[in-house]
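Here are my notes on the model you sent over. Have a look at it first, then read on.

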Amino acid sequence: MNGHEGSERLTSATPRTDIGVADVLPMVRLCGVSKRFVQVLANDRISLSFMPGRIKALLGENGAGKSTLMAMLAGRFKPDAGHMEVAGQPVDFASPREAIAAGIGMVYQHFMLVENMTVAENVLLGQEGGIMLNPTAMRRRVAELAERFGLGIDARARVGDLSMGERQRVEILKLLHRESKILIFDEPTAVLTPVEAESLFAALRAMSAQGKSIVFISHKLEEVLSVADEIAILRRGRIEGEFLASEVESPAELARRMVGRDVVLEIEREAVAPGRLVLDVKHLSGGGLDDVSFDLRRGEILAIVGVAGNGQQQLVEVVCGLEKPRGGQVDILGQDWVNFFQSRAWKGALAWIPEDRAGLATCRGLNLTDNLLLTTRQGFAHGQWLERSRASETAQGLVREHNVQPGNIEAQAWQLSGGNLQKFVLARELYREPRLVVAEQPTQGLDVAATEAVWRRLLEVRKTAGLLLVTGDLAEALQLADRVAVMFRGRIMNQFPVSDAAQVERIGSLMAGLKD
Amino acid sequence: MSPELVIALLAAAVQAGTPILFATLGEIISEKAGVLNLGVEGVMALSAFAAFITCHLTGSAWLGLLAGGMAGTLLCGLHSLVCQVFLGNQVVSGLALTLFGVGLATFLGTPYVGQSTEGFAKIALPLLSDLPVLGPIFFRHDVLVYLCYASPVAVWFLLNRTSLGLGLRAAGEMPAAAAAAGLKPQRLRAFGVMAGGFLCGLGGAYLSLAHTHLWTTGLSGGRGWVAVALVIFAFWRPGRAVIGAFLFGSVMAFQLRLQATGTNVPSSLLLMLPYALTVIVLVFSAARARRSGAPAALGVNIEPED
């Protein structure tokens with residue numbers, strides 16, 4: 001943390017963009033880079049400098065535009081506007097190969113390793129130099145490289161026998177051997193144990209001490225604060241602010257900025273009188289959850305907010321019947337968990353709108369009628385026979401009623417845009433006339449119009465059901481919910497009505513795990 | 001059995017094993033690169049004919065051998081085209097290749113059935129052939145058998161000691177990793193299939209130029225299928241392929257001798273022996289092979305990025 005006297009000091013309250021260090025040329029620089037996909041502006045005029053010898057963290061929720069930014073750096077997409085510079089020279093990558101040649105190296109979450117080959121073979125694949133291979137010399141080269149950067153690994157080991165942490169080191173060694181100048185890590189700790197993560201951080205520091213520029217992409221606050229020199233927050237495709245890690249006043253502020261509260265859309269909501277209890281969770285523990293208790297009544301929306309990966313996923317899996325509760329009690333519609341899921345009725349019970357709408361909620365290669373039948377087939381069954389014509393008519397009706405484009409029920413799921421697919425999933429789940437609805441990130445990646453359509457439906461649902469809304473978008477939670485519960489490390493930090501302004505102010509702190 | 005008979009039997013086993021070993025090694029290269037080639041039988045049949053007709057017309061056994069190898073390369077090039085460029089199913093394309101190769105060889109060869117060709121003569125290697133027992137078994141054969149002795153080492157060296165071989169294996173294990181390392185997995189696969197085809201072609205050429213010296217229909221006689229099975233038995237290793245090929249050679253030679261002695265066992269049962277052995281060997285190697293060494297991306301085509 002020295003050598004940036006030249007950069008003016010700013011507090012976190014006045015975010016600056018593009019931290020640089022005077023008199024040092026950035027390794028890579030993004031200058032006002034934008035990228036738009038059909039409906040979504042994934043990256044909006046992003047300017048960042050990646051300095052040699054520094055670790056920069058890119059902090060952002062899923063869908064904030066991190067992957068798009070990475071893909072442009074890696075040469076897989078071209079920016080629509082703006083440009084990139086490597087060592088001061090403008091570059092325009094036509095292919096990933098060119099990005100690699102320019103010294104940009106990526107460590108992806110899914111490793112690109114040949115399991116049946118040794119560490120040395122994997123590292124040197126494609127750059128053995130010469131026609132003949134000399135296994136002893138290869139091993140020595142890789143072992144030397146590993147030692148220089150403090151990445152202890154046996155160069156003779158078969159990659160298939162290694163742990164995830166060791167495989168990650170092999171990926172890093174590949175980049176180091178190519179003399180990549182900037183190393184970009186996409187959520188590198190997602191596959192690691194805490195101990196492995198610690199040794200990764202040590203390696204990152206060792207590499208940055210030797211002049212490499214490190215980019216660390218994550219949504220975990222603690223690890224970003226512990227490893228990064230600089231932190232840039234990405235939200236809805238924009239840089240929300242950039243700080244030196246030393247000047248971050250509170251993790252709460254960081255959390256608040258990452259999740260954001262900027263209102264992109266306002267919607268009118270009328271209160272609905274709460275009805276009978278639809279979901280009652282008492283002291284739910286185990287599988288990453290820690291003494292979670294809450295209840296939900298018909299006519300209510302309870303928003304579960306928090307930084308992703310703090311137990312929301314596990315909670316949803318229990319409530320939706322994928323995982324058995326290990327400790328505590330879960331009652332759904334007045335029945336206990338086991339009984340409810342044994343006699344699960346397709347209609348009038350539970351509906352789930354998963355986060356992964358293209359993978360979990362639908363089958364991409366099936367048409368809309370078949371996708372309708374995925375969760376509603378009991379309603380169209382006649383003994384062993386399916387009434388397909390009635391299913392088609394129903395699908396057609398739903399598509400028309402919910403304005404799903406294109407209006408053709410023969411269209412396959414993959415042909416629909418994210419927003420239309422989400423409208424269809426919502427239409428299907430509401431057709432089941434549920435009394436409990438679980439919606440995960442229902443508007444992630446949707447444009448404003450689709451978001452509004454989804455929100456309206458969710459508010460309507462309250463007339464007949466209770467809605468458990470799991471969202472990383474604070475604005476969405478505050479717009480829709482009656483009550484908010486903040487999760488951190490599998491615990492509910494606090495829950496309160498959205499009308500409680502004092503508590504709402506403290507959401508950021510709660511998400512960062514600070515009680516007071 | 002007298003010692004002379006045993007020695008003659010083993011020498012015959014070496015000869016019978018040679019074409020199978022060529023084909024097995026060829027298939028190993030192809031599969032190591034990730035492409036399953038079930039067309040070996042057709043490749044051997046057609047290259048046997050190409051070798052025969054070239055030698056028959058030009059009188060040069062070496063030209064015949066080259067023609068056999070080239071026929072194998074071209075036919076497998078077709079397989080590579082179907083699978084690599086048009087992303088056709090490797091199993092279907094391979095089966096089609098077998099039907100095509102065997103059919104074409106039969107069709108083109110019909111006018112020549114029963115005609116003979118010079119082919120390769122036996123050469124006793126100086127000194128080595130005078131060794132007791134080993135000499136008559138291993139060193140009184142034609143030049144193709146000697147070539148065959150060297151080929152497992154060459155294939156092992158190619159796969160394990162050259163950067164081409166490393167790339168080839170990467171293309172068969174995880175093409176995406178090879179591409180990420182800046183290699184061109186499609187080209188590496190095409191090379192593997194065609195180099196393997198050349199070796200299968202040599203195996204076919206051996207049948208007409210050295211084994212029988214004449215053309216008959218059905219010359220390949222299921223040897224291509226045995227080779228495909230032997231690749232699994234060999235766990236994709238050239239060294240084990242040698243054992244497998246000569247084991248089969250022994251059984252083939254043995255059943256021929258047995259028939260010649262006029263035994264009571266029906267000849268169709270004896271003819272079945274090598275293939276029955278194929279089944280048994282496959283069952284055992286399947287039971288034993290946990291980490292058999294099968295390339296991870298074997299049979300999976302490389303989809304172009306969208």
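**Notes on the predicted model**

1. Let me start in chain A. Leaving aside residues up to four places away in sequence, Val486(A) touches Val305(A), Gly306(A), Ile492(A), Met493(A), Asn494(A), Ile507(A), Leu510(A) and Met511(A). Bear in mind that this is a predicted model.

2. Val486(A) also turns up in the largest nonpolar core, which has 234 residues. Along with Phe216(A) and Leu469(A), Val486(A) has the most contacts inside that core. Helix α9 of chain B, residues 185-211, gives the core its largest share, 14 residues. As background, nonpolar side chains in soluble globular proteins tend to be buried together.

3. Now for the contact between the chains: 16 residues come from chain A and 17 from chain B. On the chain B side, α7 (163-173) and α8 (175-180) each supply at least two residues, and α7(B) makes the largest share with six. Sorted by class, that side of chain B has ten nonpolar, four polar and three charged residues.

4. What about chain B itself? You'll find twelve helices and two strands there, running along the sequence as α-α-α-α-β-α-β-α-α-α-α-α-α-α.

5. Is chain B buried or exposed, residue by residue? Buried residues account for 49% of its 306 residues. Of the contacts in chain B between residues at least 6 apart in sequence, 79% join residues at least 24 apart.

6. On overall dimensions, the C-alpha trace of chain B spans about 65 × 45 × 40 Å along its principal axes. Its radius of gyration is 19 Å, which agrees with the value near 19 Å for a compact globule of 306 residues.

Note on methods. Residues numbered from 1 in each chain as written. Chains lettered and ligands numbered in written order. Predicted model: local features only at pLDDT ≥ 70, side-chain atom pairs only at ≥ 80, totals over all residues. Contact = placed C-beta atoms within 7 Å. Helix = DSSP H or I, 4+ residues; strand = E, 2+ residues; numbered from the N terminus. Nonpolar A, V, L, I, M, F, W, Y, C, P; charged D, E, K, R; others polar. Core = buried A, V, L, I, M, F, W, Y, C linked by C-beta atoms within 7 Å. Buried ≥ 20, exposed ≤ 12 C-beta atoms within 10 Å, placed from the backbone. Rg over C-alpha atoms; globule rule 2.2 N^0.38 Å.
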